[in-house]
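Here is a short report on one protein chain. Look through the sequence and the 3D view first, then read on.

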Amino acid sequence: MSDALIIWFCGMSGAGKTSIANHLEKELNAEKVSTYIIDGDEIRNSIHKNLSFTEDDIKENNKLIAELCIKNKKLFDVIMVPIISPFEESRVLARKMIGSKFNLIFLKTSIDELINRDTKGLYKSAIDGNINNLIGFSESNPFEVPKNPDLIIDTENECLEKSAHRLLKFIKQKS
């Protein structure tokens, strides 16, 4: 088996990263494509729970997730990484570490739409002052829009199925 295609999603909380990855996993598995999802939330709640949301810890978390991709790249056809990944430096490092199989997918959504969705209640908590460092919302913790993503998915103006279909087409072209 050759190295897995790495689909590194990035986008703010609520942009649809995990939803698209889960939807896509079902489609790929139905086509006998082996997949592995390294979900940012699950990683933070298990093996990286010692890391906070400071810039240094976020960068360390991203680096450790890139290392997980490398460790598992021979075991799967496609590895999907739904993770906020807010810093350009981290995304560039992940691409450098992983190599030519790395694909950066930017899930673009306006802050107004994210506040409207607020799937985890994080934006309400930030607005209420209970969270003061929400990535991309708080001035102290910016989200840097990717400079050179391999694919942009506008989840504000595109339904889940269409977004997953576009990404599936992208993966087939890369395979």
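## Helices α1 and α7

The crossing of α1 and α7 is right-handed. A crossing is right-handed if the near helix is turned clockwise from the far one by less than a right angle, and left-handed if anticlockwise. Helix α7 covers residues 160-174, and the two axes lie 9 Å apart at an angle of about 60°. That makes α1 oblique to α7. Angles under 35 degrees count as roughly parallel, over 145 as roughly antiparallel, 65 to 115 as roughly perpendicular and the rest as oblique. Axes here are lines fitted to C-alpha atoms, for helices over the stretch in contact, and angles run from 0 to 180 degrees between N-to-C directions.

Which residues meet? From α1 come Ser19, Ile20, His23, Leu24, Glu27 and Leu28; from α7 come Leu160, Glu161, Ser163, Ala164, Leu167, Leu168 and Ile171. By class, this contact has eight nonpolar, three polar and two charged residues. Ala, Val, Leu, Ile, Met, Phe, Trp, Tyr, Cys and Pro count as nonpolar, Asp, Glu, Lys and Arg as charged, and the others, Gly among them, as polar. Contact means heavy atoms within 4.5 Å.

## About the model

This is a predicted model, in which local features need pLDDT of at least 70, side-chain atom pairs count only at pLDDT 80 or more, and totals for chains, interfaces and linings use all residues. Residues are numbered from 1 along each chain as its sequence is written, and side-chain values use heavy atoms, with hydrogens and water left out. Helices (H or I, at least four residues) and strands (E, at least two) are DSSP runs, numbered from the N terminus.

## Helices α3 and α4

Helix α3 spans residues 55-72 and helix α4 spans residues 88-98; their axes come within 10 Å and cross at roughly 20°. That makes α3 roughly parallel to α4. Their crossing is right-handed. The contact divides into seven nonpolar, two polar and four charged residues.

Ser90 sits in helix α4. Is Ser90 buried or exposed? Ser90 is buried, with a relative accessible area of 6%. Buried means under 20% relative accessible area, exposed over 50%, and partly exposed in between (1.4 Å probe, protein chains only). Not counting residues up to four places away in sequence, Ser90 touches Lys59 and Asn62.

## The nonpolar core

The largest nonpolar core has 47 residues. Such a core is a set of buried Ala, Val, Leu, Ile, Met, Phe, Trp, Tyr and Cys residues joined through side-chain atoms within 4.5 Å. Ile7, Trp8, Phe9, Met80, Val81, Ile105 and Leu167 touch the most other members. Strand β1, residues 5-10, gives the most to this core, with six residues.

Take Val81. Leaving aside neighbours within four places in sequence, Val81 is in contact with residues including Ile6, Ile38, Ile65 and Cys69.

## Two loop residues

Most residues other than glycine have a negative phi. Lys32 is not a glycine, yet has a positive phi of about 65°. Lys32 lies in the loop between α1 and β2 and is exposed, with a relative accessible area of 73%. Ser85 is not a glycine either, and has a positive phi of about 45°. Ser85 is found in the loop between β3 and α4, and is buried, with a relative accessible area of 1%.
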